[in-house]
Amino acid sequence: MRRQRALYRRRRARAGVPVVALVGYTNAGKSTLMRALSGADVFTEDKLFATLDPLTRRIKLTDGRTVLLSDTVGFIQKLPAQLVAAFRATLEELSAADVLVHVVDITHPDAAQQAETVLETLRDLDLSEKPVITALNKVDLLARHDGDAIHGLEELREQSESLSRGRPDALFISAQNGWGLDELQQRIAAVLDGEIVAPTPSRWLARENRPGR
Ligand SMILES: Nc1nc2c(ncn2[C@@H]2O[C@H](COP(=O)(O)OP(=O)(O)O)[C@@H](O)[C@H]2O)c(=O)[nH]1
Ligand SMILES: [Mg+2]
């Protein structure tokens, strides 16, 4: 698997297509986001990558540019030894990425700790200087103070500014409902173009007011 993926990476490098990789704790919603961003026609339209590497899809961002989007295995605390070899293929994929999208399940009681685990794992893998865009996912599940469901992203922004405290760069999304995905794609494009400098894991981890603190 490592050999194969190294081959795909070389091909892609030759094609000059930027690589965006999804990272996050297991169950954060990476694969759902992957499906939401890649659309239903991907399998037929993109047979080459779909067949050769099932974890990578070629997608078009809202501005029309093509990028490669890679799904990865979920990060968990204390990775079982048997999984380390398989995990390494994923990690090598990450080292080839131009930008990482860190998907966080903001509704999980341990969301902050999970986010920190992911950042620490990235650091331990020598990926401390990769630009990271944080996407706080599943906001459709958040409830208002009165217990009613949130009706859309605007309302959420007003209701829960505290959620983004310590994560000023984070975006709210619902991979399932498609909320915030245009903004996410614009952010990816801006980071790829160098218009925005996204924080790196080393910067996240150095922050005093970082997730979970
Ligand atoms: N309510 C809600 N559920 C979501 C959302 N995104 C993912 N899920 C659910 O969360 C679970 C894990 O999603 P998955 O994409 O497999 O997570 P992964 O392990 O990070 O790839 C699945 O049951 C998804 O349906 C979302 O935006 N809202
Ligand atoms: Mg998945």
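Reader: Is D63 buried or exposed, or partly exposed?
Author: Buried means under 20% relative accessible area and exposed over 50%, with partly exposed in between (1.4 Å probe, protein chains only). The relative accessible area of D63 is 46%. D63 is therefore partly exposed.

Reader: What kind of model is this, and how are residues numbered?
Author: This is a predicted model, where local features need pLDDT of at least 70, side-chain atom pairs count only at pLDDT 80 or more, and totals for chains, interfaces and linings use all residues. Side-chain values use heavy atoms, leaving out hydrogens and water, chains are lettered from A and ligands numbered from 1 in the order in which they are written, and residues are numbered along each chain as its sequence is written, from 1.

Reader: Which residue forms a salt bridge with D63?
Author: A salt bridge is a side-chain nitrogen of Lys or Arg within 4 Å of a carboxyl oxygen of Asp or Glu. Here the closest N and O atoms are 2.8 Å apart. The partner of D63 is R65.

Reader: How many residues apart in sequence are R65 and D193?
Author: R65 also forms a salt bridge with D193. R65 lies in the loop between β2 (56-60) and β3 (66-70), and D193 in the loop between α8 (181-192) and α9 (201-206); helices (H or I, at least four residues) and strands (E, at least two) are DSSP runs, numbered from the N terminus. The pair therefore ties together parts separated by 128 residues.

Reader: What is the relative accessible area of D105?
Author: D105 meets K138 in a salt bridge of 3.2 Å, N to O. D105 is buried, with a value of 7%.
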